Amino acid sequence: MLTTLFRLWYNTVMDEQEKINEDNLNVPAPIEDGSSSDELMLVSDGELPADNIDTSPAESASVTTYEAQQEDESMRGGYASVKGSTVNKRDNKLVWIVIIVMTVMCIAVGICSAVITARLVQKGIKPAEINTNGVVQQNISAVVTARKRSIVEVRCGSLTSSGIAMKRDGKKAIVLTNAHAIAQYVSNTMTTPRVRFYGYDDYFADVGVLGYDGHYDIAVLSVAVDDELAVYDIDGSDVLSPDVEFIDGDYVVSIGNAMSMGIAAYDGIISRKSELLECDEILGVSGKKTVPVFRTTAVINAGMSGGGVFDMQGRLVGLGTYRMSNTAGVDTEGGTATDVENTGFATPISIVYPVYKRILSSTGGEVGLFTVNVAKTTSAVGRMEMPMLDIACEYKGFNLTVKNVYDSSSKIKVGDIITKIGDYTVTKKIDSYNVTSDICGVTGQLLRYHRQGTGKPLTITVARGDTTLTVTFDGLCYAV
């Protein structure tokens with residue numbers, strides 16, 4: 001736009017200048033004839049005495065309307081000028097009007113550009129796109145380059161861990177991390193968590209805690225940021241989707257604050273896309289718990305808790321949460337607990353997403369989620385207690401089968417096979433075989449509903465013999 005305006009102004013000025021030159025060239029000029037200083041001959045429009053015409057090729061290339069004669073002592077600088085011309089005044093006025101209009105327009109464009117730029121910075125930046133061309137090594141490099149700037153270092157008391165900058169919210173950035181990363185804040189709110197963004201080696205910013213969930217080990221922080229800090233909007237882009245699919249053997253990259261030595265990346269595969277992990281309770285709760293996870297060979301070292309696990313398209317598939325330690329030999333002389341190599345566990349995005357969204361809509365502190373209690377069993381893949389539905393289920397023969405019903409008025413009966421949760425298919429046939437969705441996906445679907453939800457009520461579809469029945473739970477509505 002500025003280029004177009006400049007060209008318009010330039011052409012206008014040049015056109016006016018040519019008019020001025022033409023007017024000046026048509027003004028009669030005094031020519032000394034050599035006879036007397038008082039006798040002057042007016043010559044114009046190219047009419048010169050024959051003996052004064054220069055017919056050399058060089059001069060004939062330009063049209064001469066007047067020609068100055070040999071100067072003498074009585075006539076120096078014999079170029080004619082017109083003073084006080086109304087034409088020149090009018091032309092100059094037009095040029096100045098154009099200049100003033102151009103200046104005002106440039107200032108207006110500059111102000112608009114600054115406002116638009118500032119607004120875009122406030123909203124964050126679109127995450128970098130990743131060109132997946134099928135070459136794994138190149139994809140890994142592209143994923144690391146595009147996503148490492150969204151990984152942050154988190155410090156809370158003596159504990160150092162990681163987090164993911166999810167989006168900019170005005171003057172604040174929203175950071176996703178593990179709940180155990182802020183355990184010392186939970187036990188003593190005077191211990192303020194701090195965050196350092198990638199590339200800001202000497203600066204840790206104090207943060208606020210928007211909320212957390214101890215069972216699924218997820219927390220969300222809020223960090224004040226300036227306009228110059230690049231915050232990529234992972235939340236709000238295709239990088240964050242609860243429905244992203246992955247299978248055993250898929251390549252992934254884990255990125256985090258490895259060993260508190262700065263942001264680093266490790267590649268690997270998904271060893272097992274869904275399983276149940278027994279681990280210690282956190283945040284002052286004693287005992288054990290069992291949670292749905294996926295296993296990966298992408299290293300999750302100490303300090304990488306709360307970091308991201310990304311697939312080869314740069315999508316977030318999990319939150320690096322657990323690592324396995326081998327305690328064999330601890331009771332013997334010199335025996336120590338050691339981390340098991342190439343074995344880490346991540347909370348899958350199907351669970352991270354609804355918990356993260358629920359925390360964002362909470363009023364702070366620990367959110368009151370309906371916990372889907374899962375447990376390993378010897379006769380099935382796993383057992384699921386669903387307190388919000390007053391039932392317990394178990395995976396048997398590739399089917400999620402109802403084992404117990406705690407509300408006698410429930411329309412769901414023992415022995416029913418759950419085939420759908422809302423629009424999510426639990427059991428489907430592939431090549432005439434029943435294939436059950438993984439326990440992570442089922443848990444994540446249930447977590448999308450709660451009593452404060454404003455969407456559609458939860459529906460559970462079951463198969464009872466040859467009959468299909470859909471039961472609606474009006475008190476539980478879709479929330480994320």
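**Entry 1: the largest cavity**

I looked up what lines the largest cavity in this predicted model: Arg-358, Leu-369, Phe-370, Leu-446, Leu-447, Tyr-449 and His-450. Helix 7 (439-447) and strand 23 (449-450) are the elements that give two or more residues to this lining. I took helices (H or I, at least four residues) and strands (E, at least two) as DSSP runs, numbered from the N terminus. The volume is about 40 Å³. By class I count five nonpolar, one polar and one charged residues in the lining.

My terms, for the record. A cavity is a set of points on a 1 Å grid over the protein atoms alone where a 1.4 Å probe fits but cannot get out; lining residues have an atom within 4 Å of a point. Grid points are joined across faces, edges and corners, and the volume is the space filled by probe spheres set on the points. Ala, Val, Leu, Ile, Met, Phe, Trp, Tyr, Cys and Pro count as nonpolar, Asp, Glu, Lys and Arg as charged, and the others, Gly among them, as polar.

On the model itself: it is predicted, local features need pLDDT of at least 70, side-chain atom pairs count only at pLDDT 80 or more, and totals for chains, interfaces and linings use all residues. Residues are numbered from 1 along each chain as its sequence is written, and side-chain values use heavy atoms, with hydrogens and water left out.

**Entry 2**

How many cavities of 30 Å³ or more does the structure hold? I found two.

I went back to His-450, from the lining of the largest cavity. Its bridge partner in strand 25 is Cys-477. Strand 23 and strand 25 (residues 467-478) pair antiparallel over two bridges; pairing needs at least two bridges found by DSSP. Strand 24 (residues 457-464) also pairs antiparallel with strand 25, over eight bridges. There, Thr-459 stands opposite Thr-472. The hairpin of strands 24 and 25 has two residues between the strands, and Gly-465 takes a positive phi near 65 degrees.

**Entry 3: His-180**

Where does His-180 sit? I placed it in the loop between strand 5 (172-177) and helix 5 (183-187). Its side chain makes a polar contact with the side chain of Ser-305 at 3.1 Å. A polar contact is a pair of N or O atoms within 3.5 Å; within protein, one must be able to donate a hydrogen and the other to accept it, and residues adjacent in sequence count only if both atoms are side-chain atoms. Leaving out residues up to four places away in sequence, His-180 touches Leu-159, Asp-217, Ile-282, Ser-305 and Thr-321. Contact here means heavy atoms within 4.5 Å.

Conventions
On a 1 Å grid over the protein atoms alone, a cavity is a set of points where a 1.4 Å probe fits but cannot get out, and a pocket is an open set with protein on both sides within 12 Å along at least five of seven lines; lining residues have an atom within 4 Å of a point.
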